[in-house]
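This briefing summarises the fold, the aromatic contacts, the salt bridges and the surface of the protein chain displayed here. Each topic is treated in turn.

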Amino acid sequence: KIPVYDSVEVSDATAFLQSTDSGSVDIITASDVFIYIGALDGVFREAGRVLQKDGLLGFTVETPTTTKKGRNTHRDGVDGLMLLPSGRFGHSQAYVEDVAKMAGLKLIEWREEVLRKQGK
């Protein structure tokens, strides 16, 4: 067996990161997580705190595919965070970049891919 993870946790993302020592993590992955969180400022802030200097945060989000504004759910009125018809949150690239920057993180790659196929 080849060890892949030091640990795998199932927990509230922000609360778990708050209980983690600063600078103690080299990589965080959050696949299909942020679509259920909505506002990412708290989780990004904590991720930035716990990551080592060259640490990475890898994640997926759903982007709004409509040109309509939808329901803006960000408490500061920031565009780019919407509750989608699916009941999941959509995050625009601009929103993710802004929240990352506020947390001291830098977006190094953004790719649009089909990660989920529903319905027909």
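**Overall architecture**

Along its sequence, the protein chain follows the pattern α-β-α-β-β-β-β-α. The model is a predicted one. It contains three helices and five strands.

- The protein chain has 120 residues, and buried residues make up 32% of them.
- Among contacts between residues at least 6 apart in sequence, 66% join residues at least 24 apart.
- The chain exposes about 8800 Å², and carbon and sulfur atoms supply 50% of this area.

- The structure holds three aromatic pairs. In one of them, the ring centres of phenylalanine 34 and phenylalanine 44 are 5.6 Å apart with their planes at 55°, so the pair is tilted.
- Phenylalanine 34 belongs to the loop between strand S1 (25-30) and helix H2 (41-50), while phenylalanine 44 belongs to helix H2; the pair therefore ties together parts that are ten residues apart in sequence.
- Phenylalanine 34 counts as buried because its relative accessibility is 2%. Phenylalanine 44 likewise has a relative accessibility of 2% and counts as buried.
- Phenylalanine 34 also forms a tilted aromatic pair with phenylalanine 59, at 5.4 Å centre to centre and 50° between the planes.
- Since phenylalanine 34 lies in the loop between S1 and H2 and phenylalanine 59 in strand S2 (residues 51-59), this second pair ties together parts that are 25 residues apart in sequence.
- Phenylalanine 59, at 24% relative accessibility, counts as partly exposed.
- Phe34, Phe44 and Phe59 form one aromatic cluster.

**Salt bridges**

- Side chains of opposite charge can pair when their charged atoms come close. The count for this structure comes to three salt bridges.
- Glutamate 46 forms a salt bridge with arginine 49, in which the closest N and O atoms are 2.8 Å apart. Both residues lie in helix H2, three residues apart, which is about one turn of the helix.
- Glutamate 46 is buried, with a relative accessible area of 11%, whereas arginine 49 is partly exposed at 30%.
- A salt bridge also joins the side chains of arginine 88 and glutamate 62, at 2.6 Å from N to O. This pair links distant parts of the chain, 26 residues apart: arginine 88 is in the loop between strand S4 (81-83) and strand S5 (89-91), and glutamate 62 is in the loop between S2 and strand S3 (71-72).
- Arginine 88 is buried, with a relative accessible area of 10%. Glutamate 62 is buried as well, with a relative accessible area of 19%, a value that falls under the 20% cut-off for buried residues.
- The side chains of arginine 111 and glutamate 109 meet in a salt bridge at 3.4 Å, N to O. Arginine 111 counts as exposed at 61% relative accessibility, and glutamate 109 is exposed with a relative accessible area of 52%.

**Nonpolar surface**

- Val4, Tyr5 and Val8 form a nonpolar patch on the surface, and together they have about 370 Å² of accessible area.
- Valine 4 is exposed, with a relative accessible area of 65%.

Key. Residues numbered from 1 in each chain as written. Predicted model: local features only at pLDDT ≥ 70, side-chain atom pairs only at ≥ 80, totals over all residues. Heavy atoms only, no water. Patch = residues over 30% accessible without salt bridge, like charges linked within 9 Å, V, L, I, M, F, W, Y side chains within 5 Å. Areas by Shrake-Rupley, 256 points an atom, 1.4 Å probe, with all protein chains shown as cover. Salt bridge = Lys/Arg side-chain N within 4 Å of Asp/Glu carboxyl O. Buried < 20%, exposed > 50% of the residue type's maximum accessible area, 1.4 Å probe, protein only. Phe/Tyr/Trp six-rings, centres within 6.5 Å; stacked < 30°, edge-to-face > 60°. Helix = DSSP H or I, 4+ residues; strand = E, 2+ residues; numbered from the N terminus. Contact = heavy atoms within 4.5 Å.
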